[in-house]
Amino acid sequence: MSDVRCALAGAWRAVRARRVGQFPRVLRVVEAVEAAAPSALRYRHRARLRLGLRAAVLVQMLREARPEPDLYDAVDRFFPEGGPRREEAAVQEAQEGFRDLVLELLQDPERRHAFLMVEAPQEYGPRFLSSLERLFHELLLRVESALPPPDLPQLQALVWSHAPPGAPRSDLPILRQYLADVSHAHRGAVPRPLRPKPRLRLTSERDDVISDEEGRVLKRKVGGHYGGGN
C-alpha cells in the first residue's frame with residue numbers, strides 16, 4: 001500500500017498548503033478513492049469535497065485572468081451541463097448553480113470584477129479552503145483505517161526509487177508530516193481503525209467501515225494518481 005500512501009501524502013500536502021493549482025490532481029485522487037471505496041464517506045460528504053475542489057480551481061482561474069477558452073473548457077470539464085444523472089437533487093442544483101454563476105461572470109466583465117473583489121474573498125477565501133481541508137482530512141482518516149500500519153522504510157524505498165540518479169536522499173518530510181497528521185506514530189503499533197477527532201466526526205446514522213475488498217481496490221486505483229510524496 002506504499003503507493004497509495006504516497007498519493008495521499010502528495011494530495012494532502014497540496015490541500016494543507018492551499019496549492020489550488022494542484023487541486024485537479026487532488027481531485028483525481030479523491031475520485032479514485034470514491035470509485036475504489038465508496039463507503040469511505042457519506043455521499044454528501046464526498047459530493048461537497050468534489051464540488052469544493054472544482055469550485056476552488058475555477059475561482060483561482062478567474063483570479064488569474066486565465067484565457068476565456070481555458071475557462072470555458074474548465075467549466076465543461078468540472079461542471080458539465082446537466083451533470084451525472086446519479087447525483088442527488090441538492091448536489092445537482094449546487095453544480096448547476098455554480099456553472100451558471102461562472103458563465104455569467106465570463107459574459108459580464110463588470111460583474112466578474114465585483115465578484116472577485118467582494119464575493120470571492122468571502123465565499124471562496126481562507127474559510128472555504130479550511131473547510132475543504134477538514135473534509136479531505138476526514139477522508140484520509142477513513143482510508144487509513146483500511147490500510148495496514150505504515151512501513152516507513154518501505155515508503156522511503158518507493159520514493160527514492162523514483163528520484164533522479166544522484167539525487168540526495170531526503171528525510172521525507174512530506175510523508176512524515178502526513179503520517180503525523182493522520183495520527184500515525186512513526187514507531188510502534190498503530191490503532192485500527194483510526195477514529196476521527198471530535199470536530200471531524202461523521203454525523204451519519206451508521207459509521208461505515210471500508211471493506212477488505214475496497215482496501216484491495218484502493219491499491220489498484222489510487223496509487224499513481226499523485227506522485228512525489230517525499
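Predicted model: local features only at pLDDT ≥ 70, side-chain atom pairs only at ≥ 80, totals over all residues.
Residues are numbered from 1 along each chain as its sequence is written, and side-chain values use heavy atoms, with hydrogens and water left out. The protein has 10 helices and zero strands. Helices (H or I, at least four residues) and strands (E, at least two) are DSSP runs, numbered from the N terminus.

**Overall make-up**

- Along the sequence the pattern reads α-α-α-α-α-α-α-α-α-α.
- The protein has 230 residues, and 47% of them count as buried. Buried means under 20% relative accessible area, exposed means over 50%, and partly exposed lies in between (1.4 Å probe, protein chains only).
- The accessible surface of the protein is about 12300 Å². Carbon and sulfur atoms hold 50% of that surface. Such areas come from the Shrake-Rupley method with a 1.4 Å probe, and for residues only the protein chains shown count as cover.
- Among contacts with a separation of 6 or more, 77% join residues 24 or more positions apart. Contact means heavy atoms within 4.5 Å.

**The nonpolar core**

- The largest nonpolar core holds 63 residues. Such a core is a set of buried Ala, Val, Leu, Ile, Met, Phe, Trp, Tyr and Cys residues joined through side-chain atoms within 4.5 Å.
- Phe23, Val26, Phe98, Leu132, Phe136 and Leu139 touch the most other members of this core.
- Helix 3 supplies the largest share of this core, with 11 residues.
- Leu139 is in contact with Val30, Val33, Ala40, Leu41 and Leu49, leaving aside neighbours within four places in sequence.

- Helix 5 covers residues 89-107. Its 19 residues should span 27 Å at 1.5 Å a residue, and its end C-alpha atoms are 27 Å apart, which agrees. The expected span is 1.5 Å times one less than the number of residues.
- Buried residues of helix 5 include Val91, Gln95, Phe98, Arg99 and Leu105.
- The buried residues of helix 5 pack against helix 3 (43-63), helix 4 (68-78) and helix 6 (109-123).
- Helix 7 covers residues 126-144. From first C-alpha to last, helix 7 reaches 26 Å, close to the 27 Å expected.
- Helix 7 is mostly covered, with 14 of its 19 residues buried.

**How helix 3 packs**

- Two packed helices are described by the angle between their axes and the distance between the axes. Axes are lines fitted to C-alpha atoms, for helices over the stretch in contact, and angles run from 0 to 180 degrees between N-to-C directions.
- Helix 3 and helix 5 pack at about 5°, with axes 11 Å apart. That makes helix 3 roughly parallel to helix 5. Angles under 35 degrees count as roughly parallel, over 145 as roughly antiparallel, 65 to 115 as roughly perpendicular and the rest as oblique.
- Residues of helix 3 at this meeting include Tyr43, Ala47, Leu51 and Leu58. Those of helix 5 include Val91, Ala94, Phe98 and Leu106.
- Helix 3 and helix 4 pack at about 175°, with axes 11 Å apart. That makes helix 3 roughly antiparallel to helix 4.
- Here Arg54, Val57, Leu58, Met61 and Leu62 of helix 3 meet Asp70, Leu71, Ala74, Val75 and Phe78 of helix 4.

**Two residues of helix 6**

- Leu116 lies in helix 6. It counts as partly exposed, at 23% relative accessibility.
- The C-alpha atoms of Leu116 and Val59 are 8.4 Å apart, although 57 residues separate them along the chain.
- Beyond neighbours within four places in sequence, Leu116 is in contact with Leu62, Arg63 and Pro121.
- Pro121 also lies in helix 6. Pro121 is partly exposed, at 42% relative accessibility.
- Pro121 is in contact with Arg63, Phe115, Leu116 and Pro126, again leaving aside neighbours within four places in sequence.

**Positive phi in two loops**

- Most residues other than glycine have a negative phi.
- Arg18 has a positive phi, near 60°. Arg18 sits in the loop between helix 1 (2-16) and helix 2 (23-36). At 29% relative accessibility, Arg18 is partly exposed.
- Ala65 has a positive phi of about 50°. Ala65 is in the loop between helix 3 and helix 4. Ala65 is exposed, with a relative accessible area of 61%.
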